[in-house]
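This report treats one chain as a whole, then a contact between chains, and finally a single residue in its surroundings.

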Amino acid sequence: MRRWLPWIVLAVLVVGAIAYASWPRGGEESLSAHTLRIASELRCVDCESLSVADSATQSARATRADIRSRISHGESDSEIRQVYVDRYGETVLLKPSSEGLGALVWALPIAALVLGAGGIVIALRRWGRQPRLAASPEDEALVAQERARQ
Amino acid sequence: MRATLGILGIALGVGASAVGVFLLALGLARKNLELIRSGRRCIFIVLAAAVIAVGAMEWALLTHDFSLRYVADNNARGTPVLFTITGLWAALEGSILLWVLILAGYLTWMAIRFRSRLEDPMVGWALLVALSVACFFFVFMAVAANPFHVVTGQVPLDGRGPNPLLQNHPLMAFHPPMLYLGYVGFTVPFAFAMAALITGRFGEGWLADTRRTTLVAWGFLSVGIILGAWWSYEVLGWGGYWGWDPVENASLLPWLTGTAFIHSVIVQERRGMLRVWNLSLVLATFCLTILGTFLTRSGVVNSVHAFTQSSIGPWLLTFLGVVTATCLALIAWRADKLHAPGRIDSPVSREAAFLANNLLFTGLAFVVLLGTVFPLVAQALRGNQLSVGEPYFARMTTPIGIGLLFLMAVAPALPWRAASGEVLRRRLLVPAYAGVVAMLLTLVFLSRTLATVLAFGLATFAIVAIARETALAVRSRRTADRGGWIKSFTATVRGNPRRYGGFVVHIGVICIAVALASSGSFGSKREVRLRRNESTVVGGYKVTFVGTHKATTAQKTSVSADLKLSKDGRDLGTYAPAVSSFPNSQEAIGTPSVRTGLIEDVYLTIISAPNARGRVTVGIAVNSMTLWVWIGGGLMAIGTIVAIGPSVRRKIRVRPGARDPSGPPDESIPEESPTVEEVGV
Amino acid sequence: MKHPFRWVALAVGVGVCVLAIVLAVTVSTDPHSEQNVSRLVGKRAPAFSVVGLDGKAVTSRSLAGKTVVVNFWNSWCIPCRQEHDALVAWYADHHDDPSIVLLGIVREDTQRAVRDYVNQQGVTWPVAFDPGGKASLDFGTRGQPETYAIGPDGVVAASKYGPVTPNVLDQMVAYAQGTA
């Protein structure tokens with residue numbers, strides 16, 4: 001038990017810090033932060049692969065102003081997003097929705113990682129059951145030969 | 001004249017590479033060394049051909065020979081000399097020329113490096129494969145992407161000049177060549193991996209033969225990517241340096257699989273395991289460089305970098321298909337021989353950590369690949385358009401990145417085979433506590449964003465672990481040699497350059513990770529409209545609009561706004577973001593002006609040019625720790641150079657009593673115990 | 001399953017083939033085919049209020065009951081210059097028809113550049129600035145030139161991305177007037 005104590009303390013500290021960091025924060029999100037959050041998920045339509053939040057084109061600025069006024073008129077995030085999807089199609093969302101075909105782009109990497117990790121775990125367990133390989137006299141001779149050559 | 005010379009060069013390249021491939025194939029089939037020798041000689045002709053073609057193009061560019069369509073499109077009389085030279089890679093056809101030149105260079109290096117081993121079929125096949133790749137690119141250039149087309153009709157008096165974005169910053173001279181040196185360099189390990197599969201000798205020989213080249217290519221690719229990020233930060237003006245643009249992703253993909261390879265290769269060298277895996281990673285890296293070229297140069301994806309649409313898509317796609325099919329067929333054919341003996345004894349060991357590392361790197365590559373091609377897949381399957389952008393990549397890659405940081409902290413301290421609890425405690429407890437302290441300090445003083453807290457904590461953990469490992473090694477060397485600290489340090493590094501070079505690269509990556517994490521949670525950004533002599537304060541910096549000035553050159557006309565910057569009453573100088581218009585583009589191009597600092601950058605842009613009433617709208621962003629991305633890139637380059645350096649091994653002098661008796665026993669097992677990795681390198 | 005690598009290689013091969021076919025299909029189709037029709041077509045046109053060159057407001061309400069052709073453009077875009085002659089030719093035929101209005105709305109440009117362009121190139125139809133880019137945003141424009149035909153009922157009947165020709169404009173107007 002005493003050997004493990006420093007690790008347990010460490011784990012407690014880490015878990016505590018993570019919990020504190022991810023604890024929901026109190027306080028209203030400011031209007032500009034809210035605008036920026038939605039804007040960063042919308043594609044700027046007349047520049048390639050930049051978000052409305054990052055772009056300085058007139059249309060991006062107009063979009064930011066529009067989002068801002070919609071937020072202050074009390075529209076919800078999904079309503080605002082829907083306005084833009086209606087206007088430009090799903091291509092305006094930089095983060096594909098997790099429904100329909102878009103779900104694949106989220107699920108596939110997670111599935112691949114889980115499968116890969118599973119494969120490694122299974123391989124490790126199988127190796128664990130195998131006996132260790134012992135070096136045969138031929139192997140030893142080869143090693144000796146190689147050593148002598150150096 | 002220049003067009004003729006260039007076309008001659010390309011034709012010579014096609015001929016020499018085809019003849020070379022033929023001679024090598026015949027020589028390998030008949031086991032005739034003379035034929036192989038002649039095939040090897042063709043490589044030098046290929047190099048000469050590439051030099052002639054590139055020379056002709058540069059000559060045409062420098063003499064503004066607008067009878068060539070490429071020159072007329074990418075050069076103008078007013079283009080400065082630097083951007084006239086870089087015109088070679090300002091558009092598709094020219095950049096394929098650069099590609100071919102670099103490939104010929106690597107080929108020549110192979111031909112010289114392995115000149116004494118031509119009777120080895122492995123070398124013969126490797127030359128054959130690499131020469132075939134060169135042959136494809138020469139034919140491709142001759143047929144589909146010929147840079148030496150002559151304009152029809154009258155020769156224009158002046159050219160259009162390069163794309164304004166490509167003639168705006170000197171980094172343009174370095175970023176593409178570095179990137180291509182990296183991309184193309186992976187052809188060498190690819191050729192040897194193919195040769196290993198063909199000859200059936202997939203032991204560790206091909207790894208030893210290509211270890212340095214792989215590292216060199218990887219180093220160039222890393223530097224190329226970082227320079228690209230820097231260029232985009234200095235030129236594009238949106239304040240960031242990585243936008244998950246398809247072209248950026250395309251350069252990242254081979255980097256990710258290449259990075260996975262240079263880690264997992266160590267497991268094969270040490271333990272003889274993961275043979276298929278390593279082969280697959282090398283083959284995949286090469287395929288991904290071709291896929292990246294296809295994606296970005298054929299116009300299938302929208303991108304800031306995409307050159308105009310052209311007919312090259314089918315060519316590259318066919319080449320990619322043939323290469324991939326050949327690789328897979330070879331692996332399937334050799335399947336019965338590929339199984340390697342060996343086992344991993346414990347999940348807490350260096351080799352298991354390498355497995356986890358590979359899982360995460362390939363997972364990351366999969367995320368990036370999927371996100372890049374998914375819009376195409378969605379469109380092909382359902383005909384609807386959707387985008388995958390920064391928010392997706394950020395969400396998916398952050399956890400993987402955090403996992404990799406964790407491994408980077410832990411793995412270098414893990415012993416091979418199995419780690420006892422005692423070893424873990426001694427090697428990792430102090431660095432881990434340092435990491436936790438950093439986490440808590442970040443939480444209390446800096447940020448409550450989870451990713452940032454974890455990144456700062458793990459970065460500290462990793463740095464302390466590296467420092468501890470190095471310090472202990474230097475100390476034991478010092479006691480053994482009875483030398484000074486500096487001498488012992490250099491001796492330690494030179495004793496195992498690969499390990500310590502790797503550490504330097506790791507420190508570079510940590511710098512970048514910290515910079516990425518802090519750019520996500522600190523900093524501020526505003527757009528302000530200013531009258532003359534009006535000021536505003538953003539993020540503690542006071543910005544005063546002093547005036548405007550206009551500058552006209554043959555290249556461009558720029559209007560800049562002079563902004564005086566000060567902080568806490570201290571004058572920080574005047575910065576002048578500009579808007580320039582180029583003769584060949586109606587749209588004005590903004591050029592940001594950046595005050596670089598160790599902790600914060602102030603990033604100034606003009607959003608709308610000074611109007612008649614003298615008002616200007618400027619973007620003012622305070623970016624956190626951006627400088628550390630470039631520093632990290634530099635460290636990665638230095639680390640790579642250290643790692644490819646020769647290993648100066650300590651002469652083992654057994655002097656009883658010389659070893660530090662207080663030194664921990666596991667530390668005295670040198671990391672550099674003789675293994676395969678030193679044989680034949 | 002004696003040699004699992006064979007199966008893995010086969011699986012990867014199938015995956016790559018699918019991707020290659022997808023890419024090949026995408027290469028051979030126009031990447032913007034779906035984008036060629038605005039989502040606004042068939043819906044009520046957004047209300048707009050833009051500012052004419054003379055500084056007076058031009059609003060959607062003031063144009064109600066007419067067939068309105070809205071052309072988003074600016075002075076620096078090359079396709080806009082390309083379609084300039086088409087607009088001139090078409091407007092020459094229709095400027096005396098009181099039921100049809102051609103309105104150019106400026107997108108992303110400066111006042112001075114637009115005025116210079118209007119004077120030099122001889123733009124005779126009404127041109128208006130779009131303060132804050134509101135109208136251009138509400139129409140869901142992605143760039144310029146873009147042209148929308150609004151019927152007397154206020155519904156967007158047709159749209160065109162990229163330069164128009166007189167024929168295209170006639171057809172758009174026919175849709176808007178319900179005579180197509």
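## Fold of chain A

Which pattern does chain A follow when read along the sequence? In this predicted model, the order of elements in chain A is α-α-α-α-α-α. The secondary structure of the chain accordingly comprises six helices and zero strands.

## Dimensions and packing of chain A

The radius of gyration of chain A is 28 Å, whereas a compact globule of 150 residues would have a value near 15 Å. The C-alpha trace of chain A spans about 80 × 45 × 35 Å along its principal axes.

Buried residues make up 27% of the 150 residues of chain A. Among the contacts in chain A with a separation of 6 or more, 44% are between residues 24 or more positions apart.

## Contact between chains C and A

Chain C contributes 10 residues to its contact with chain A, and chain A contributes 14 residues. On the side of chain C that touches chain A, one residue is nonpolar, five are polar and four are charged.

## Surroundings of C:Ser75

C:Ser75 lies in the loop of chain C between β3 (67–73) and α2 (78–94). Is C:Ser75 buried or exposed? C:Ser75 counts as buried because it has 20 C-beta neighbours inside 10 Å, and 20 or more is the criterion for that class.

Beyond its neighbours within four places in sequence, C:Ser75 is in contact with C:Asp109, C:Ala113, C:Val114 and C:Tyr117.

Definitions and conventions:
Residues are numbered from 1 along each chain as its sequence is written. Chains are lettered from A and ligands numbered from 1 in the order in which they are written. This is a predicted model: local features need pLDDT of at least 70, side-chain atom pairs count only at pLDDT 80 or more; totals for chains, interfaces and linings use all residues. Helices (H or I, at least four residues) and strands (E, at least two) are DSSP runs, numbered from the N terminus. A residue is buried if 20 or more other C-beta atoms lie within 10 Å of its own, exposed if 12 or fewer, and partly exposed in between; C-beta atoms are placed from the backbone. Two residues are in contact if their C-beta atoms, placed from the backbone, lie within 7 Å. Ala, Val, Leu, Ile, Met, Phe, Trp, Tyr, Cys and Pro count as nonpolar, Asp, Glu, Lys and Arg as charged, and the others, Gly among them, as polar. The radius of gyration is taken over C-alpha atoms; the globule rule is 2.2 Å times the number of residues to the power 0.38.
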